[in-house]
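Please read the numbered points alongside the sequence and the model shown here.

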Amino acid sequence: MAEKILMNEYKALAKETWTNISLVNENIFEWNAALIVLNPDSAYYGGYFQARLTFPRNYPFEPPDFRFTRPLWHPNIYPDGRLCISILHQPGEDMMSGELAGERWSPVQRVESVLISVLSLLDDAEVSSPANVDAGVMLRKDPEAYKQKVKLDKEASKQDIPAGFEMPTHESAFKKEEKVDTFSWSDSEAEDDFGGSDSDEDMFDNDGGEITDGEAEEGEEDED
């Protein structure tokens, strides 16, 4: 069952512009997944943040393992690239952490839920219980220095962009096709200028004059 669910999720996510996924050694239980931030107001905009996802054999009853292959300076990311995020924690309530079951992993969650949660976490760090204490302190006490660290991470992440891969932008990802209206008022005006439709022409004789009722009756008598 896990293979079928993961294959369906993989096919769906492969169509998204904000992530670039591939299988590791054709193994459906191990993915490369790059996160691409499309919010131009984000400090991470323009980065290509490569991660590795490993799925348990009983997925979706247990969460996947997620870690960035290039660790980021962030309060909720450990030095080895793992994350401290509720959605990746085992199902059920945790009395020690105070996390509710609804905040943690459950079989109704999907890979997309995880990736979107991670994207949200990048710009909305939880500093109350940081995985990287130093990053948490810097974010609170020296946000400008923190932004510079993020900028360095973002520039370093671009080294992982695959050759030939075209990085999406906010504009290219959300551009909508414009509907082309083929109707032109000039068409209607031209029709008026040249006497209208063929049905209008039937109302006139060869000399351009209007056919009267009398002329129509005379025509009928001649035929008799």
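1. How many residues has helix α4, and how far does helix α4 reach from its first C-alpha to its last? Helix α4 (residues 143-157) has 15 residues and reaches 21 Å, close to the 21 Å expected at 1.5 Å a residue; the expected span is 1.5 Å times one less than the number of residues. Helices (H or I, at least four residues) and strands (E, at least two) are DSSP runs, numbered from the N terminus.

2. This is a predicted model, in which local features need pLDDT of at least 70 and side-chain atom pairs count only at pLDDT 80 or more, whereas totals for chains, interfaces and linings use all residues. Residues are numbered from 1 along each chain as its sequence is written, and side-chain values use heavy atoms, with hydrogens and water left out.

3. As to the overall fold, the chain has eight helices and four strands, arranged along the sequence as α-β-β-β-β-α-α-α-α-α-α-α. Of its 224 residues, 30% count as buried; buried means under 20% relative accessible area, exposed over 50%, and partly exposed in between (1.4 Å probe, protein chains only). Among contacts (heavy atoms within 4.5 Å) between residues at least 6 apart in sequence, 54% join residues at least 24 apart.

4. Helix α4 has Tyr146, Val150, Asp153, Lys154 and Ser157 as buried residues. They cover an arc of only 100° around the axis, which puts them on the same side of α4; the arc is that of the directions from the helix axis to the C-beta atoms. Their cover includes β3 (48-54) and α3 (133-141).

5. Within helix α4, serine 157 deserves a separate remark. Serine 157 has a relative accessible area of 2% and is therefore buried. A polar atom of its side chain lies 2.6 Å from the backbone oxygen of lysine 154. Apart from neighbours within four places in sequence, serine 157 is in contact with Gly47, Tyr48, Phe49 and Arg70.

6. Glutamine 159 lies in the loop between α4 and α5 (170-174). Its relative accessibility is 60%, so glutamine 159 counts as exposed. Glutamine 159 and phenylalanine 49 are 110 residues apart in sequence, yet 9.8 Å apart in space, C-alpha to C-alpha.

7. The largest nonpolar core has 41 residues, of which Trp31, Leu35, Phe66, Phe68 and Leu83 touch the most other members. At least two residues of this core come from each of α1, β2, β3, β4, α2 and α4. A nonpolar core is a set of buried Ala, Val, Leu, Ile, Met, Phe, Trp, Tyr and Cys residues joined through side-chain atoms within 4.5 Å.

8. The unreviewed UniProt entry lists Cys84 under "active site"; such annotations may be inferred rather than shown by experiment. Cysteine 84 is placed in the loop between β4 (65-68) and α2 (111-123). Its relative accessible area is 24%, so cysteine 84 is partly exposed. Leaving aside neighbours within four places in sequence, cysteine 84 is in contact with Asn76, Tyr78, Leu121, Ser129 and Ala131.

Notes. A polar contact is a pair of N or O atoms within 3.5 Å; within protein, one must be able to donate a hydrogen and the other to accept it, and residues adjacent in sequence count only if both atoms are side-chain atoms.
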